[in-house]
Amino acid sequence: MFESIIIFLHAVCAFVSFLLGTYVLLNPKGTPRHMQIGRIYLGLMVFVSLSALFIREINDHSYSLIHVLIPVTLISLYVAVRSIKRFRITREPKLLMRHKITMIFTYVGGLVIAGAFTLAPGRVLHRLIF
């Protein structure tokens, strides 16, 4: 029961993160809306990453290869936030570029690639959809 609730919340938050991330990628950067949605995206991605620690329905309730993305995503989010905060102070272009690259990485790696893996046979989402 607990795992079912976590899987549901994880999936909903991942889907909302995907929508918000798509919006941010396709719209002007640095605006108040960008920053507001970025903060929501960040919170959702932290939740998605941490909730994944409790999802182990395949591999005899042990972690699978997809779980490697958890620390990678969390570290990337930290680097992105730290970079943009430092950029606001120093205005160093490399910090802005680091923020952009790591945020794109969390979107592609943490949502698109991980999302594609969740459709693999034997996974909960695959069973629900197919």
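First, a term: angles between axes under 35 degrees count as roughly parallel, over 145 as roughly antiparallel, 65 to 115 as roughly perpendicular and the rest as oblique. The axes are lines fitted to C-alpha atoms, for helices over the stretch in contact, and the angles run from 0 to 180 degrees between N-to-C directions. This is a predicted model, where local features need pLDDT of at least 70 and side-chain atom pairs count only at pLDDT 80 or more, while totals for chains, interfaces and linings use all residues. Residues are numbered from 1 along each chain as its sequence is written, and side-chain values use heavy atoms, with hydrogens and water left out.

Helices here are DSSP runs (H or I, at least four residues), numbered from the N terminus. Two packed helices are described by the angle between their axes and the distance between the axes. For H3 and H4, the axes come within 8 Å and cross at roughly 155°. H3 and H4 are therefore roughly antiparallel to each other. Their crossing is left-handed, meaning that the near helix is turned anticlockwise from the far one by less than a right angle.

Which residues meet there, with contact meaning heavy atoms within 4.5 Å? On the H3 side they include Leu69, Val72, Ser76, Ala80 and Phe87. On the H4 side they include Leu95, His99, Met103, Thr106 and Ala114.

Take Ala114, in helix H4. Ala114 is buried, with a relative accessible area of 13%; buried means under 20%, exposed over 50% and partly exposed in between, with a 1.4 Å probe and protein chains only. Leaving aside neighbours within four places in sequence, Ala114 is in contact with Ile66, Leu69 and Gly109. The C-alpha atoms of Ala114 and Ile70 are separated by 10.0 Å, and these two residues are 44 apart along the chain.

Next, the core. A nonpolar core is a set of buried Ala, Val, Leu, Ile, Met, Phe, Trp, Tyr and Cys residues joined through side-chain atoms within 4.5 Å. The largest one has 14 residues, and Tyr41, Met45, Met103 and Leu111 have the most contacts inside it. H1, H2 (32–51), H3 (69–90) and H4 (93–117) each give two or more residues to this core. Which helix gives the most? H2 does, with 5 residues. Beyond four places in sequence, Leu111 touches Ala14, Ser17, Phe18, Tyr41, Met45 and Thr106.

His10 sits in helix H1, residues 2–26. His10 is buried at 17% relative accessible area.

Last, the rings. Rings of Phe, Tyr and Trp (its six-membered ring) pair if their centres lie within 6.5 Å; planes under 30 degrees apart count as stacked, over 60 as edge-to-face and the rest as tilted. The count comes to 2 aromatic pairs.

Phe2 and Phe54 are edge-to-face, at 6.0 Å centre to centre and 85° between the planes. Phe2 lies in helix H1 and Phe54 in the loop between H2 and H3, so the pair ties together parts that are 52 residues apart in sequence. Phe2 is exposed at 54%, and Phe54 is partly exposed at 47%.

The rings of Phe18 and Tyr107 are stacked, because their centres are 5.6 Å apart and their planes are at 10°. Phe18 is in helix H1 and Tyr107 in helix H4, 89 residues apart. Phe18 is partly exposed at 33%, whereas Tyr107 is buried at 11%.

Technical notes. Contact means heavy atoms within 4.5 Å.
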